[in-house]
Amino acid sequence: SFDFNGGVRNDPSVLTAINGTGVTVYMANTSNLTLNGNVRLNVAAPTSGPFSGILFFGARNATAVTNKISGTVETTLQGAVYAPASLIEYTGNSTGSGGCTQVVGRLVTLTGNSTVKSDCATAGTKTIYANEKVLISE
């Protein structure tokens, strides 16, 4: 699991921020992502190679897993949160204020004052097509 729980904002004795580039976190089996409290996360996925654009990778068979971003969480995620079999919940005052955040989950829920903003032009991610139809014709 990737758990990041913050402390009191602006208190230098409490770790409240994680920064990194070229990051891919694989969450195997029943592992999950939990961001909670007064935290800042500024991370970027690799822009080339087999994990290009993948920031958080949830196991494809993790149907009983819930990934939670809650409380006052400020993220700049440059890459995809990919957990296709799992639930992804944004609650409280969680914000994705910059970067490229693509979210893929079995069910994605945003409640409270949650926001996600995305600009993926240079992230190395693939385009996600929404509301597309596939037709078969003869």
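The model is a predicted one, and the space in its largest cavity comes to about 40 Å³.

Which residues line the largest cavity? They are Leu 33, Leu 35, Phe 56, Ile 69, Thr 75, Leu 77 and Tyr 90. Two strands, S4 (33–36) and S8 (73–90), each supply at least two of the lining residues. The largest share, three residues, comes from S8.

## The nonpolar core

Now to the packing of side chains. The largest nonpolar core is made up of 17 residues, and Leu 33, Leu 35, Phe 56 and Leu 77 have the most contacts inside it. Two or more residues of this core come from each of strand S3 (25–27), S4, strand S5 (39–44), strand S6 (54–58) and S8. Of these, S8 gives the most, with five residues.

## A loop residue, Ser 114

Finally, take a look at Ser 114, in the loop between strand S9 (95–110) and strand S10 (115–116). Is Ser 114 buried or exposed? Ser 114 counts as buried because its relative accessibility is 13%, and the cut-off for buried is under 20%.

Glu 89 lies 25 residues from Ser 114 along the chain, and the C-alpha atoms of the two are separated by 9.6 Å.

How values were computed
Residues are numbered from 1 along each chain as its sequence is written. This is a predicted model: local features need pLDDT of at least 70, side-chain atom pairs count only at pLDDT 80 or more; totals for chains, interfaces and linings use all residues. Side-chain values use heavy atoms; hydrogens and water are left out. Helices (H or I, at least four residues) and strands (E, at least two) are DSSP runs, numbered from the N terminus. Buried means under 20% relative accessible area, exposed over 50%, partly exposed in between (1.4 Å probe, protein chains only). On a 1 Å grid over the protein atoms alone, a cavity is a set of points where a 1.4 Å probe fits but cannot get out, and a pocket is an open set with protein on both sides within 12 Å along at least five of seven lines; lining residues have an atom within 4 Å of a point. Grid points are joined across faces, edges and corners, and a volume is the space filled by probe spheres set on the points. A nonpolar core is a set of buried Ala, Val, Leu, Ile, Met, Phe, Trp, Tyr and Cys residues joined through side-chain atoms within 4.5 Å.
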